[in-house]
Amino acid sequence: MMRFMQPYEQLNRRDTWDERQVRRMPMDASESDGALTLRFDLPGIHPEDVELTIENHRLKVSAERPFEESDDVVWLRRERPAGLHHRTVRLDARLDTDNVDATFRNGVLTATIPILEEAKPRQVAISTEAPELLTAGAAS
């Protein structure tokens, strides 16, 4: 048996949606090529409405999406977050926060932070004792 629904019937029913989830600014973090890369999803937000600051090893992203208000619109559901959004990420001391590169493309803010040279892994040479010291120590 086929069931025909009224348009928007699905929008009005109760589901598992939690409105607090929409306030979260999704982020991916990765490390490669001697740098930490953070990507923040900010769809529908203009680059001039995004602020990126670093202070005390904390990176903070603030973005604002204006509320869409109209007298002639009846909202059936509003899940797209509007208003001011923040995300703070604590940064490791091994990062060079004076040389951050930030780009905004297609609704994604990408911040790349290089790892300080002195914090990068390096190989340490291992010395061996001279053979004569080993045999002299064994004779005593």
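In the protein chain, 52% of the contacts with a separation of 6 or more join residues 24 or more positions apart; a contact here means heavy atoms within 4.5 Å. The model is predicted, so local features need pLDDT of at least 70 and side-chain atom pairs count only at pLDDT 80 or more, while totals for chains, interfaces and linings use all residues. Residues are numbered from 1 along each chain as its sequence is written, and side-chain values use heavy atoms, with hydrogens and water left out.

The protein chain has 140 residues, of which 21% count as buried (under 20% relative accessible area, with a 1.4 Å probe and protein chains only).

Two helices and seven strands make up the secondary structure of the protein chain. Helices (H or I, at least four residues) and strands (E, at least two) are DSSP runs, numbered from the N terminus. Read from the N terminus, the order of elements is α-β-β-β-β-β-β-β-α.

Four of the strands form an open sheet in the order S1-S2-S7-S6, with antiparallel pairing; two strands pair if DSSP finds at least two bridges between them. Strand S1 (27-32) and strand S6 (101-105) are the edge strands, each pairing on one side only. On average, neighbouring strands of this sheet are turned by 15 degrees against each other, direction ignored, with axes taken as lines fitted to C-alpha atoms.

Phe 104 stands opposite Leu 109 in S7.

Terms used:
Buried < 20%, exposed > 50% of the residue type's maximum accessible area, 1.4 Å probe, protein only. Axes fitted to C-alpha atoms, helices over the stretch in contact; angles between N-to-C directions.
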